[in-house]
Structures are given as C-alpha cells and as structure tokens.
Amino acid sequence: MSLSRLLPVLLGLVMAGPAHAAGWLDAWLTPDQQAQRLLQQGQYAEAASKFTTPERMGYAWFRAGEFERAAAAYGRVPGADGAFNRGNALLMLGRYGDAIASYENALAGRPEWREARENLEIARIRQARLAPPGDDAGGTGGKLQADEIVFDTSGRVAGTEAEQVLE
C-alpha cells in the first residue's frame, strides 16, 4: 500500500478519537503487547488476563493484590525465579510455611541469592511470631494478616513490615 493511500486511513483513526484508535491498534498487537499496555496504565488484573506466560501473569496478579492467583501462576514457572516469586505471593497471604518451602527451593537453585535468603528469614520470623489459636491475637485465630501493600515508583514493595524486620 502506498503512503498516499495509507495517510487518509491513519488520519481517519486519529480524528475518530483515542478509543477507536486504541481498538484498531489492539487488533494489530499481540495479547502480550496489549497486556503490557494495560500494565503500564495500572490495569493489573486486566493485564494478567491477557498475558500468555505464567511469569508475566504472576507479576500482574501480584501487582493487582491477587496473591492467590499470583502464587498459582508462579507455581507454573520452573526454577529458582518461579519459586522465589511464589514465595513472595505466599508470604503476602500469610502462608509462611509454604513461603519458607518456596524460598528454600529457590535457594536450592541459587544458593547465593541474597534476597531469597532475606525473605526466607522474614518468613521464618513471622511464622515464629504466630500465636497459638485461642489467644488474644485480635480474633485472627493466631494467624497474622498480610501488611498493607505499598509500591514505590520502581515497582518494589515499600514501607512494609518486611523492611522493618530486616533493619
């Protein structure tokens, strides 16, 4: 197609408005490219439903605060990275024993991984702090609840109790 024929089509899309142009562009983008656009717009759950790889799905579900879904997605990722990220999701769910096992699996694949070792220690500390059922732990049956999630501008979880434990 020559430029003289393509130019009116492109101008028509621009004049039709962003919604129409976005729909047209999405027809030309792969599901992962569409999901990446949604991720950049902060539409994490929508992005997770479009991604085609478990790593990307897990990341989007984690950012959406859907830790159960993130853990399930990361459970399909082989190797140390999958185990580490699954451990992070399980830690946020308060499933410390499962998180410990995931971090240990990650360290089996990468023994010198500092972050995995630190998160393993956080999970162990939290598990040790669990009170037996029936005490006055605020009606949670002895199970600590996940901290509020705050992401800084780099996409890392910031201001959590986990950082305080490390200090």
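Buried means under 20% relative accessible area, exposed means over 50%, and partly exposed lies in between (1.4 Å probe, protein chains only). This is a predicted model, in which local features need pLDDT of at least 70 and side-chain atom pairs count only at pLDDT 80 or more, while totals for chains, interfaces and linings use all residues. Residues are numbered from 1 along each chain as its sequence is written, and side-chain values use heavy atoms, with hydrogens and water left out.

**Whole chain**

Start with the protein chain in cartoon view. It has 10 helices and zero strands; helices (H or I, at least four residues) and strands (E, at least two) are DSSP runs, numbered from the N terminus. Of the 167 residues in the chain, 32% count as buried. Now consider contacts, meaning heavy atoms within 4.5 Å. Among those in the protein chain with a separation of 6 or more, 30% are accounted for by residues 24 or more positions apart.

**Helix H5**

Select residues 54-63, which form helix H5. Seven of its 10 residues are buried, so H5 is largely enclosed by the rest of the structure. To see the buried ones, show Pro54, Met57, Gly58, Ala60, Trp61, Phe62 and Arg63. Just after H5, click on Gly65, where phi is positive, at about 80 degrees.

**Helices H7 and H8**

Next, select residues 79-92 for H7 and residues 96-109 for H8. The two helices pack at an angle of about 160 degrees, and their axes are 8 Å apart. Axes here are lines fitted to C-alpha atoms, for helices over the stretch in contact, and angles run from 0 to 180 degrees between N-to-C directions. H7 and H8 are therefore roughly antiparallel to each other (angles under 35 degrees count as roughly parallel, over 145 as roughly antiparallel, 65 to 115 as roughly perpendicular and the rest as oblique).

Show the side chains where the two helices meet. On H7 the contact residues include Ala80, Phe84 and Leu91, and on H8 they include Tyr96, Ser102 and Tyr103. The residues of this contact divide into nine nonpolar, five polar and two charged. In this grouping Ala, Val, Leu, Ile, Met, Phe, Trp, Tyr, Cys and Pro count as nonpolar, Asp, Glu, Lys and Arg as charged, and the others, Gly among them, as polar.

**Salt bridges**

Side chains of opposite charge can pair when their charged atoms come close. A salt bridge is a side-chain nitrogen of Lys or Arg within 4 Å of a carboxyl oxygen of Asp or Glu. How many salt bridges does the structure hold? There are six.

Select Asp81 and Arg110, whose side chains meet in a salt bridge at 3.0 Å, N to O. This pair links distant parts of the chain, with Asp81 in H7 and Arg110 in the loop between H8 and helix H9 (114-128), 29 residues apart. Asp81 is partly exposed at 42% relative accessibility, and Arg110 is partly exposed at 38%.

Move to Arg124 and Glu104, which form another salt bridge at 2.9 Å, N to O. Arg124 belongs to H9 and Glu104 to H8, 20 residues apart. Each has a relative accessibility of 37% and counts as partly exposed.

Finish with Asp98 and Arg95, whose side chains meet in a salt bridge at 3.0 Å, N to O.
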